[in-house]
Amino acid sequence: MAASDSVIPLGAGPRDLRGRALRDLRISVMDRCNFRCPYCMPRETFHDKYRFLGSHERLSFDEIVRLARLFVRLGVRKLRLTGGEPLLRPNLTDLIGDLTAIEGIEDIALTTNGALLAKYAFELRAAGLQRITVSLDSLDPGVFTRLSGGFGALEDVLSGIEQARRAGLGPIKVNTVIQRGVNDHTAIELVDRFRGTGVIVRFIEYMDVGNRNHWRPDLVVPSKELMTRISARWPLTPLERAYHGEVAERYSFTDGRGEVGFISSVTQPFCGDCTRARLSSDGVLYTCLFATHGTHLRDKLRGGASDDDLLRVMRETWLRRADNYSEQRQAHLAAEGERKVEMFYIGG
Ligand code: SAM
Ligand code: SF4
Ligand code: SF4
């Protein structure tokens, strides 16, 4: 993965209406999931009869790779594979191998619920995956079961993390969505478990993604509150941002036993630095996690569009981007009839 003359220099790509460059692409490789986390895919909606995409409706690996190459020409340097559950996509390692070969891509990561990670960790590493993020909301088996919608086993996720560590998929990050009265009482235990192991726990404020997760503001635990609780137990020192656009605020444990991060999308929005685009499993390009509509690329791909045609559409989509949902949350929440895209479909 090296830069070449065909890769545009940093800063030379399109800028959106708020002056933001395009740097990161999140690719949802699978809309299905083997969990039913109530804050993402509540069971009452995503039941046995729910119509997920058929395999012909999802982008093929060739289509994903072609688009990824074009995104690099618009400035993308980092890819994250997500879903739904990306490890449910058959032969995912083939895709990773192809993506790592794209000149200009500097970093490829994957977000998973970890249930199948023990099985695939070594294969993923061998295919060229560098880093992994595992979502884990609690070490309390009862809370875990509730937050995975009754699917999956905590031990499988923990052994997935262990296998990822052995395979050299580092640094491993653990993403934890905290909800008041649901799992906030188990946050300290999570920190305790991973402190000193090299695994970085990052707490994410509960967000109003999609339209079906029954989000309420009083369920959000502000990062500041959590940070105060954690630092009362283990003193923390703030760390510099590792790169422009980093979403997590990072703190190191003063005793040298690693770090912890906070992603405060609700209480401290970071739209001003948001350089992320998202590609849904069926090839729709979204420029915000809370978007109400996107740009359909699959039909263009399958209809014989040239690279230049596709690039023009992708560039125009970015140029007219003005998204800053999290900075305008109250106004959006008050607006009736706004239908946001669902998170499982575009990927977190
Ligand atoms: N299935 C994989 C997983 O759970 O890691 C990847 C997809 S999931 C949609 C990506 C991330 O979004 C997960 O870390 C999940 O916890 C987070 N997420 C989902 N719904 C959320 C919500 N309402 N608020 C905050 N984060 C959420
Ligand atoms: Fe599945 Fe991830 Fe959503 Fe949970 S957060 S339902 S594991 S896609
Ligand atoms: Fe980016 Fe949209 Fe999130 Fe703001 S709300 S940080 S624009 S994804």
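User: At what distance from the ring centre of Phe253 does Arg195 lie?
Analyst: Arg195 lies over the face of Phe253. A charge counts as over a ring if NZ of Lys or CZ of Arg is within 6 Å of the ring centre and within 35 degrees of the ring normal. For Arg195 and Phe253, the distance is 4.8 Å.

User: Over which ring does the charged end of Arg329 sit?
Analyst: This is a predicted model, where local features need pLDDT of at least 70 and side-chain atom pairs need 80 or more, while totals for chains, interfaces and linings use all residues. Side-chain values use heavy atoms, without hydrogens or water, residues count from 1 along each chain as written, and chains run from A and ligands from 1 in written order. Arg329 has its charged end 5.3 Å from the centre of a ring, that of Phe290.

User: Which type of aromatic pair do Tyr251 and Phe262 form?
Analyst: Tyr251 is in strand S8 and Phe262 in strand S9, 11 residues apart; strands are DSSP runs of E, at least two residues, numbered from the N terminus. Both Tyr251 and Phe262 are buried, with under 20% relative accessible area (1.4 Å probe, protein chains only). Rings of Phe, Tyr and Trp (its six-membered ring) pair with centres within 6.5 Å; planes under 30 degrees apart are stacked, over 60 edge-to-face, the rest tilted. Tyr251 and Phe262 have centres 5.8 Å apart and planes at 75 degrees, so the pair is edge-to-face.

User: How many aromatic pairs are there?
Analyst: Phe46, Tyr50 and Phe52 form one aromatic cluster. By the pairing rule, the count of aromatic pairs comes to eight.

How values were computed. Helix = DSSP H or I, 4+ residues; strand = E, 2+ residues; numbered from the N terminus. Buried < 20%, exposed > 50% of the residue type's maximum accessible area, 1.4 Å probe, protein only.
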